[in-house]
Amino acid sequence: MTGMKPIQGYHLITPDDLHWRPSNLMKIPNADFLERTGSENLAARLWRLPPKSANTLHKHIRNPVTVYILVFLHDVVEDKNVPLLEIEQIWGGEIARKLDLLSKEVLGVKKANYSLDPVFEDEDCSVVKGGDRTHNVSSMVGVFKRARLERYVKETIDEFFPRLKKARRRFPDQEAVFEAIKLELANQLSLIGHLLDGYTPETT
């Protein structure tokens with residue numbers, strides 16, 4: 001099987017690149033565009049959820065379009081060194097500000113003051129970060145070495161669960177979203193415990 005050739009550099013999508021269509025009382029971009037641009041599994045998986053399925057959380061997200069734009073772009077600042085100024089020029093100041101919150105480093109320089117607290121104090125970034133961690137945890141078995149895997153598990157329990165709880169209380173309109181993220185994470189961590197001999201993560 002021959003894989004697709006990796007794209008060198010980056011091409012930052014613009015609002016005009018997205019073909020909007022109605023779905024579950026919200027507008028979401030054409031899923032085919034995600035495949036062609038390699039927008040990561042997180043966005044593609046969320047996009048393919050059937051309308052009105054048990055997994056669909058669209059109606060519980062207060063700002064669904066903003067959240068999905070952040071899902072598409074959440075890694076470009078860290079992984080592709082896209083300047084925040086360029087994002088602001090294309091997507092606006094609010095999106096750039098939220099991506100700044102989500103990014104641990106900018107233009108290859110790690111932030112000395114990066115913290116998860118401001119991320120989970122934002123109603124949109126908290127959903128994106130929780131969803132991103134869910135994707136990380138669900139795809140790391142067989143990819144990460146054991147030490148790194150156990151570190152991710154511990155970090156999820158110590159750093160993410162308490163903040164998800166606070167976000168659920170801070171943004172009650174999105175309670176179902178945070179509860180679903182927490183339960184998905186707990187299930188994944190339990191599964192990891194069964195896969196790794198002699199390792200049982202404490203998720204409660």
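A: Glu 155 has a relative accessibility of 26% and therefore counts as partly exposed; buried means under 20% relative accessible area, exposed over 50%, and partly exposed in between (1.4 Å probe, protein chains only). This is a predicted model, in which local features need pLDDT of at least 70 and side-chain atom pairs count only at pLDDT 80 or more, while totals for chains, interfaces and linings use all residues. Residues are numbered from 1 along each chain as its sequence is written, and side-chain values use heavy atoms, with hydrogens and water left out.

Q: With which residue does Glu 155 form a salt bridge?
A: A salt bridge is a side-chain nitrogen of Lys or Arg within 4 Å of a carboxyl oxygen of Asp or Glu. The partner of Glu 155 is Arg 133, with the closest N and O atoms 2.5 Å apart. Arg 133 belongs to helix H8 (residues 125–139) and Glu 155 to helix H9, so the pair ties together parts 22 residues apart in sequence. Helices (H or I, at least four residues) and strands (E, at least two) are DSSP runs, numbered from the N terminus. Arg 133 counts as buried because its relative accessibility is 5%.

Q: How many salt bridges does this rule give?
A: The count comes to 15. One of them joins the side chains of Asp 100 and Lys 111 at 2.7 Å, N to O. This pair links distant parts of the chain: Asp 100 is in helix H6, while Lys 111 is in the loop between strand E4 (109–110) and helix H7 (116–120), 11 residues away. Another salt bridge, between Glu 179 and Lys 182, has an N to O distance of 3.3 Å. Both of these residues lie in helix H10, three residues apart, about one turn of the helix.

Q: Which residues are linked in a network of salt bridges?
A: The network comprises Glu 94, Arg 97, Lys 98, Asp 122 and Asp 124. Within helix H6 (residues 93–102) sits Lys 98, which counts as buried because its relative accessibility is 5%.

Q: What is Lys 98 in contact with, apart from its neighbours within four places in sequence?
A: Contact means heavy atoms within 4.5 Å. On that basis Lys 98 touches Thr 66, Leu 70, Asp 122, Asp 124 and Cys 125.

Q: How much of the protein is buried?
A: Of its 204 residues, 42% are buried.
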